[in-house]
Amino acid sequence: MSLAMSQARADIGAYVLIDASSGAVIEQENATRKWYPASLTKLMTAYVTFKAIREGRASLDSAVVQSKNSAAEPPSKMGFKVGTRFTVDTALKIILIKSANDVAVALGESIAGSEAGFIAMMNAEAQRLGMSNTRFYNPHGLPDNRQVTTARDLAILALALRRDFPESRNYYDHPGIRFGKKTLRSANREFLLRVPGANGMKTGYICNSGYNVAASATRGNKTLIAIILGAGSGLERTAFARQLFDEGFRKRGGRSITSLSGTSGNPPADGYCRRNKSPGPKGYMARFDMEKEKQGGFLFFAKANKSDEDKLDDSGFKLSNGKPDWAKILDRTLGPRRIAYRPLDVGLGNPKGSPSVSPGTVPAGAASEAVAAIAGEDIAAEDVPLPVANPVRRAENEIRAKMQLTANAKTAGAIPQGGDTVSRPGAAVELSKSSPGSIFRKGLDFTVPVPSPSPRK
């Protein structure tokens, strides 16, 4: 690893850059340090799903049903009503582009018969792939301090997803989706639209992890994969990835990613996002200005310390009102947009069959008691068992139920009186008789953005 990278990237928790054809490591820092994966978890959710399709246990047209359990997940989410049916193909596009947590759980239930069964599959695949420091406790990546991984392990997963299921590349290379009249942008869109050769893959964020990304790019006949964990903002992780790729394509790899072993540290303490803050406009320009890179090469970044940020003349990337000119900053740190933003049209599809679990669905030795108890049974959409009671989840459900009752009351123009006069929150709907947009739960909106606008406050 170069001195320039070491000093310029001290605020990134961990990263690794590998050659996708050989798995050779080109650059790395703390690649074996345990970290929280956040929504990079969904790469394994997709991997397990693609494997089920290849083995004939599911198809792209198989039905996914929004259950009570999946509908209870917090944002980012689609907010479908309980009982809404859509295809596995739709679910894969939604989790890899929009990163909806409710759909990730519903997809897992459709593949394994229960969320617990799917998590068992995820851990079985992690073990088989050699992801030695990875443990999954949910299929979406929402906060759970037991759910850990490393940059090394995620690089192995990203490499396996690309190698074993090349069809997956057509799912994560879109900057957004259009669902009916709603357009939902991917958090990876600027990387895809601006960085030469960008392919995708997945972003992630929770406060304890900071901003994560698994990204790949192809230039000529060479493809590189980068895993970045713990950036201070979405722009920092994207600019960092762009910089890694620009330098990495000029280098050769060394040892194999699988040869990195052991653990180099524990995950960050709670509240990581409040300690590792965004570099800010001057920080971005001091570290990632592509015009400066052209003038001084990557050695420029060895000098990009706090003192140099303070001395930086920021008049060239400010608006007349004194606020940062973010359009210019994006152009200078990521490059100008090379392609136009075109979201992928996504609908419910034409789902076939009903989600169920049968003997042999779960890998040998991986089934939990929860899976064994329902093996061989057809699971009704609203009867998929909830996980073991969790006080946080229970409180969230109670709040959502109250919000729903309030929303129903406003819609009806009256205060809810209880009994059968008010629909049960999340009640299943007959889609054939529904009006447009009625597959979404009233009062809870279509989706709520994650992360919050200002995680540093």
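A residue counts as buried under 20% relative accessible area, as exposed over 50%, and as partly exposed in between, with a 1.4 Å probe and protein chains only. By that rule Arg194 is buried, with a relative accessible area of 7%. The model is predicted: local features need pLDDT of at least 70 and side-chain atom pairs count only at pLDDT 80 or more, while totals for chains, interfaces and linings use all residues. Residues are numbered from 1 along each chain as its sequence is written, and side-chain values use heavy atoms, leaving out hydrogens and water.

**Confidence**
- The average pLDDT (the predictor's confidence in each residue, from 0 to 100) of the chain is 82, and 72% of the residues score at least 70.
- Residues 1-10 stay under 50 in pLDDT, and the model has 23 contacts for them beyond four places in sequence; a contact means heavy atoms within 4.5 Å.
- Residues 411-436 also stay under 50, with 29 contacts beyond four places in sequence.

**Arg194**
- Arg194 is placed in helix H8, residues 189-194; helices (H or I, at least four residues) and strands (E, at least two) are DSSP runs, numbered from the N terminus.
- Its side chain makes a polar contact with the side chain of Glu190 at 2.6 Å.
- A polar contact is a pair of N or O atoms within 3.5 Å; within protein, one must be able to donate a hydrogen and the other to accept it, and residues adjacent in sequence count only if both atoms are side-chain atoms.
- Beyond its neighbours within four places in sequence, Arg194 is in contact with Leu330, Asp331, Leu334, Gly335, Pro336, Arg337 and Arg338.

**Disulfide**
- The structure holds one disulfide, defined as a pair of cysteine sulfur atoms within 2.5 Å.
- The sulfur atoms of Cys207 and Cys273 in this bond are 2.1 Å apart.
- Cys207 lies in the loop between strand E7 (198-206) and strand E8 (210-219) and Cys273 in helix H10 (residues 272-275), so the pair ties together parts 66 residues apart in sequence.
- The torsion about the S-S bond of Cys207 and Cys273 is about -80°, so the disulfide is left-handed.
- Cys273 is buried, at a relative accessible area of 6%.

**Sheet E6-E5-E10**
- Three strands form an open sheet of mixed pairing, in the order E6-E5-E10; two strands pair if DSSP finds at least two bridges between them.
- Strand E6 (182-185) and strand E10 (344-345) are the edge strands, each pairing on one side only.
- Strand E5 (residues 176-179) pairs with E10 in the parallel sense over two bridges.
- Arg178 stands opposite Asp345 in E10.
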